[in-house]
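Student: Could you take me through this structure? I have not seen it before.
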Amino acid sequence: MNTPSSANQSGALYWPVQLRRNVGVRSLFAVVLVFLVAYGILFPGLFTAAGFAKFTQSWFPLALVAMAQAILMLSGGISLAIGATVSLGAVIAATTMAGPLGVAGGTAAVALTGLGIGATTGFIVVRLRLPAIVVTLAGSFIIGGAALLILPRPGGAIPAWLSDLLAGNTPAAFALLLLIVALWKLYLATPLGLSLYAAGENPVGAYRSGVPVDGARIAAYAISGLLSTGAGLFVAAQTGSGDPVIGAAFTLNSIAAAVLGGIGFLGGQGTMRGALAGSLLLSLMISVMFFLGFTPVAQYVAQGLIIIGAVAVPQFRKVQQ
Amino acid sequence: MTAWIESAGGRRALTVLRSRPFLTVAIVAAVWIVASFVSRGFGAYGHLRYLIELGAVIGLVAAGQTFVVIAGGIDLSVAAIVTVSAVSLPLLSWQADPTGITAILAILALTTAIGLVNGLGVALLRVHPMIMTLAMATFLQGLLIIVAGGSAVTAENPLVHWLGNARPAGIPAGVLLWVVVSVIVLTAMHATSLGARIFAMGANPLAAALSGVPVTSTTLTVYGISGFCSGLAGVLVLGMNGQGYVGIGDPYLLASIAAVVLGGTSILGGRGTYAGTIPGAILLVTITALITVVNASPGWRSILFGSLILGLLLLSGREQARR
Amino acid sequence: MQITAPLLAARGVSKSFFGNPVLRDVSIALQPGRVHALLGENGAGKSTLINLLSGALRPDSGTIEVDGRAVSRMTPAIARQAGIAVVQQELSLTASLSIAENIGLGAYPRRFGLVDYPELAARAKAACDLVGLHEPLSTPVGHLSLGRRQMVEIAKALYRRPRVLILDEPTSSLSATETKILTDLLKRLRGEGIAILYISHRLNEVMSLCQHVTVLKDGTCTADRTLEGTDAAGLVRLMVGRDPGDLFPRWQPSASPANAISVRNFSAGLMRDVDLDIRTGEVLGIGGLVGQGQEDLLLGLYGAIPARTASATVNGASGLPGGVPKANALGLAYVPADRKREGLHLIHPIITNMMLPAFARVPALKLRSRRAEREIARGLAAQLGIKGDLDRSAQALSGGNQQKVALAKWMPHDPLVLLLNDPTRGVDVETKREIYHMLRNFAAAGKAIVLLSSDTPELVHLCDRVAVVREGRIVAMLARGALSEEAIVSAAMGAGQRKVAA
């Protein structure tokens with residue numbers, strides 16, 4: 001074949017590709033911005049250091065589970081066990097960190113559990129070819145049961161300094177989120193990470209092209225598990241203790257945030273920045289309802305309506321065209 | 001022997017023997033036989049009858065779920081609808097109607113309407129079924145707490161009581177109801193053009209639409225059926241329990257989906273039968289009963305339940321790759 | 001030339017699926033600097049042979065040789081290492097990734113464990129230049145038309161610097177210009193010593209491009225010879241096993257002045273403000289480059305996508321059907337181009353596929369009669385020459401037979417207007433001939449046929465009139481007398497801008 005010509009006229013590729021990925025989420029970013037401004041006007045406390053810290057802390061776990069769900073949906077999977085995994089992460093943190101393992105050992109235990117659960121789920125779904133919905137639904141019973149075994153009722157403890165660091169008046173949560181996003185960008189720039197999209201959207205074609213499809217998908221499940229138990233650790237730090245059912249709401253919310261962010265169910269559709277924006281939008285709505293004095297019950301009702309509305313309205317407009 | 005296999009009847013018999021519904025029946029039979037040797041009293045007629053009575057509730061919920069899954073969707077709001085039915089029915093005891101049938105019909109109309117709303121969201125607003133039905137479940141959960149508060153409500157409806165406790169000719173009324181529903185469901189699924197449309201829609205919605213299948217109304221029908229079936233299950237569970245409370249329907253979400261999948265229906269849609277879901281439902285109550293026999297803590301029970309379902313899936317629920 | 005060892009060869013390979021032999025003792029040798037044509041009807045075993053050569057399947061007996069040495073366990077990985085690249089019929093692209101990311105997929109250049117984007121850009125650019133793909137490399141593939149995607153797929157194969165290039169019907173979705181670029185490119189690659197295996201149903205392409213031909217029929221090799229001194233009719237004879245006769249039936253006018261469909265200012269999808277009259281008893285062709293809105297015209301008339309119109313008459317009823325069930329009730333039927341995605345229920349038995357429009361029409365709770373269904377389906381199968389057990393799933397059928405099923409399902413309803421979207425794409429010659437005869441017979445029976453086609457000879461020989469579509473408008477309506485391949489292509493390309501009154 002002929003020699004590579006025109007090597008230097010191609011110019012940069014990475015940044016144009018990144019910019020192109022914004023196209024689908026621009027209107028979402030605009031909506032988030034409007035909500036953020038409205039929220040800032042309603043509750044000026046947002047612009048103080050403490051207010052900003054509190055707000056990002058309420059967003060942080062949701063952002064993590066949204067990423068956890070989004071990475072699975074991009075790879076063509078889904079998990080109904082996110083909530084249970086968050087709970088398990090929380091109880092492991094609450095039972096280990098105050099004990100002999102210490103914070104470092106506890107964090108390692110949480111992380112390894114997440115990776116292990118994710119990789120196992122991934123192996124079952126991908127290699128044994130079982131439907132993800134049913135596997136993760138059954139998995140949620142196993143993982144939830146494990147959480148109940150470790151801590152049958154709310155209890156345990158998180159060292160006070162850790163709670164202060166993560167959930168006190170510091171922007172630590174926000175910094176941590178930036179770090180996670182940076183790590184994600186790095187992962188997406190590896191051949192395995194970039195293969196995620198191909199493995200999710202066109203697995204047969206990707207396999208023929210030499211992509212390790214199974215590996216990319218199992219890795220996605222493992223990362224998803226890690227993010228979920230990490231969210232559990234943070235929730236435990238927020239409350240100062242563990243609760244075996246604290247994660248329950250995260251399953252629906254993770255799917256809702258991902259779908260709000262434009263992630264499709266068929267694999268390979270959407271972007272992580274969209275999922276993050278979706279989680280921010282959801283978090284803003286929940287905060288607004290809280291400040292407006294909605295009872296938890298009314299929040300449930302409103303949340304159900306908002307999710308349907310937010311997903312349906314863009315679709316509806318598309319159909320009308 | 002070979003001659004028999006070659007014959008037409010023999011081949012048909014072989015197809016039945018190799019089919020997924022039959023495999024599920026075989027697993028149920030094996031579990032029952034083993035369990036009755038291991039655990040005293042498991043194999044007693046009364047106990048098995050009780051199992052099937054419990055299976056009826058799952059079977060009813062799973063009837064609607066089977067339709068939805070074959071049509072290519074999924075209904076994650078069934079548990080909430082069962083609860084709506086079981087909690088709202090006691091609130092509707094008219095004095096004017098001595099049989100209590102009006103209240104039941106009203107509740108079934110309500111749950112069917114909830115199902116139709118799911119269908120509207122999926123068909124017209126193009127919301128993904130998982131999101132639509134999960135959001136519906138969240139919505140209903142909130143509504144229920146507002147309506148019922150936290151306390152249990154007692155049913156005084158005579159027909160509900162009869163359904164839950166009567167045993168005409170020694171057979172529990174709930175099981176009779178399940179048999180009737182099963183006959184109707186199997187007929188609708190495999191012997192009407194509606195059933196054929198549902199299978200076609202699940203296998204390839206685009207091709208079905210281009211072949212003239214009225215996709216919107218078929219989707220509405222499917223979710224409406226699911227709402228109706230869950231409502232009926234709620235009535236039955238209320239009768240068997242005597243009381244309705246928030247959370248009474250929760251076990252039936254995983255159970256209904258597991259029964260459908262264990263029965264050989266493809267979660268991807270377009271393939272399956274309620275004939276497999278029926279033994280699937282019985283298998284699930286059997287598992288639950290065995291776990292109760294073990295007498296473990298809630299955590300272990302949950303782990304055992306999840307693991308057994310996963311194990312059974314490994315045994316029988318493998319999906320062949322499509323495309 | 002025969003002295004050098006072939007780059008890739010199969011020696012006496014056989015392969016069966018579930019006891020059905022698909023290939024029997026087939027040999028093929030790909031020499032460097034030669035374009036080798038692989039011909040055969042659908043179901044003759046071409047795809048299986050490609051899969052054996054590329055390591056996706058392993059032969060039951062016989063060997064695969066690379067550079068003259070037998071490879072005991074050929075795998076896709078070994079094939080890639082040996083420089084074998086395959087352009088499959090079904091694209092292997094990912095819509096959400098950019099052109100460059102797609103081209104490099106599975107073989108990204110790395111630096112520090114990360115994808116080396118500058119290097120990727122340079123190498124992808126080189127591959128794109130070869131196929132005349134000038135869109136920015138960062139464009140997501142999902143934004144490209146089907147034809148451009150096919151070019152990306154070919155660039156992807158070239159990116160790997162193949163020594164052996166296997167192309168499975170690469171031109172089926174390409175425009176005339178793109179086809180020209182591809183054939184020029186293949187000629188150049190041939191000059192560079194690459195071995196090329198070329199599969200196509202378009203015999204004129206094969207005649208102009210290839211030097212050597214292997215013909216498969218029912219899993220056996222019926223010819224392995226140089227193309228010199230062969231003509232197209234001779235090739236068809238080798239494939240079909242008998243004299244081809246004329247591919248197209250003799251054209252006889254059967255159009256009546258009555259309109260089956262008449263629309264004014266019709267807009268749907270890409271189509272804008274089109275006036276169109278479709279007469280009963282005619283075959284109206286729709287031509288043009290790929291993706292100019294032709295498909296939207298059909299789908300809009302069929303009520304499958306929203307459409308607007310100033311006035312419309314469809315089989316005597318005024319107004320557009322506005323929905324597929326209504327369109328069916330008005331006597332319209334549609335046969336889609338993409339059989340697998342839009343036409344058939346692959347996992348369902350042939351018989352249910354055939355009966356589906358019937359199920360859609362009768363009342364929902366009407367009880368089915370399996371016996372009556374079987375009788376109707378048997379009749380249809382006999383009428384269209386679909387062989388074998390009707391309880392098999394539709395995915396077991398070859399492309400040609402799948403197309404017959406997609407047509408057959410409308411026959412019991414005796415549609416007045418048949419809307420056909422590229423019905424012969426990827427269909428073998430024999431089935432093509434049968435379909436052409438069928439269409440002319442329908443027209444003779446007073447039905448209106450609308451034939452959207454990417455195959456220009458088909459439009460010329462079969463149609464009473466051809467509407468050429470460009471950028472969402474009908475730019476020319478060519479009557480029978482004015483029909484020629486040149487006229488259609490020049491109207492499609494916008495050359496001359498002439499308008500011929502209908």
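Student: To begin with chain A, how many helices and strands come up in its secondary structure?
Tutor: Chain A has 14 helices and zero strands. Helices (H or I, at least four residues) and strands (E, at least two) are DSSP runs, numbered from the N terminus. Please note that this is a predicted model, in which local features need pLDDT of at least 70, side-chain atom pairs count only at pLDDT 80 or more, and totals for chains, interfaces and linings use all residues. Residues are numbered from 1 along each chain as its sequence is written, while chains are lettered from A and ligands numbered from 1 in the order in which they are written.

Student: What radius of gyration does chain A have, against that of a compact globule?
Tutor: Chain A has 20 Å, which agrees with the value near 20 Å for a compact globule of 321 residues. The radius is taken over C-alpha atoms, and the globule rule is 2.2 Å times the number of residues to the power 0.38. The C-alpha trace of chain A spans about 70 × 45 × 40 Å along its principal axes.

Student: What percentage of chain A is buried?
Tutor: Of its 321 residues, 53% are buried. A residue is buried if 20 or more other C-beta atoms lie within 10 Å of its own, exposed if 12 or fewer, and partly exposed in between, with C-beta atoms placed from the backbone.

Student: Now the partners. How many residues of chain B are in contact with chain A?
Tutor: 40 residues of chain B are in contact with 38 residues of chain A; contact requires C-beta atoms, placed from the backbone, to lie within 7 Å. On the chain B side, α7(B) supplies the largest share, 13 residues. That side has 26 nonpolar, ten polar and four charged residues. Here Ala, Val, Leu, Ile, Met, Phe, Trp, Tyr, Cys and Pro count as nonpolar, Asp, Glu, Lys and Arg as charged, and the others, Gly among them, as polar.

Student: And how many residues of chain C touch chain B?
Tutor: 26 residues of chain C are in contact with 21 residues of chain B. α12(C) gives the most to the chain C side, with six residues. That side divides into 15 nonpolar, five polar and six charged residues.

Student: Which residues of α9(B) are buried?
Tutor: They are B:Ala173, B:Gly174, B:Trp178, B:Val181, B:Val185, B:Ala188 and B:Met189. They cover an arc of only 130 degrees around the axis, so they are on the same side of α9(B); the arc is that of the directions from the helix axis to the C-beta atoms. The buried residues pack against α4, α8, α10, α12 and α14 of chain B.

Student: Which exposed residues are on the face turned away from that buried side?
Tutor: That face of α9(B) carries B:Val180 and B:Val183.

Student: How many residues does the largest nonpolar core have?
Tutor: It has 374 residues, and those with the most contacts inside it include A:Met67, B:Leu60 and C:Val450. A nonpolar core is a set of buried Ala, Val, Leu, Ile, Met, Phe, Trp, Tyr and Cys residues joined through C-beta atoms within 7 Å. Helix α11 of chain A gives the most to this core, with 16 residues.

Student: What is C:Val450 in contact with?
Tutor: Leaving aside neighbours within four places in sequence, the contacts of C:Val450 include C:Ile278, C:Leu284 and C:Leu419.

Methods
Contact = placed C-beta atoms within 7 Å.
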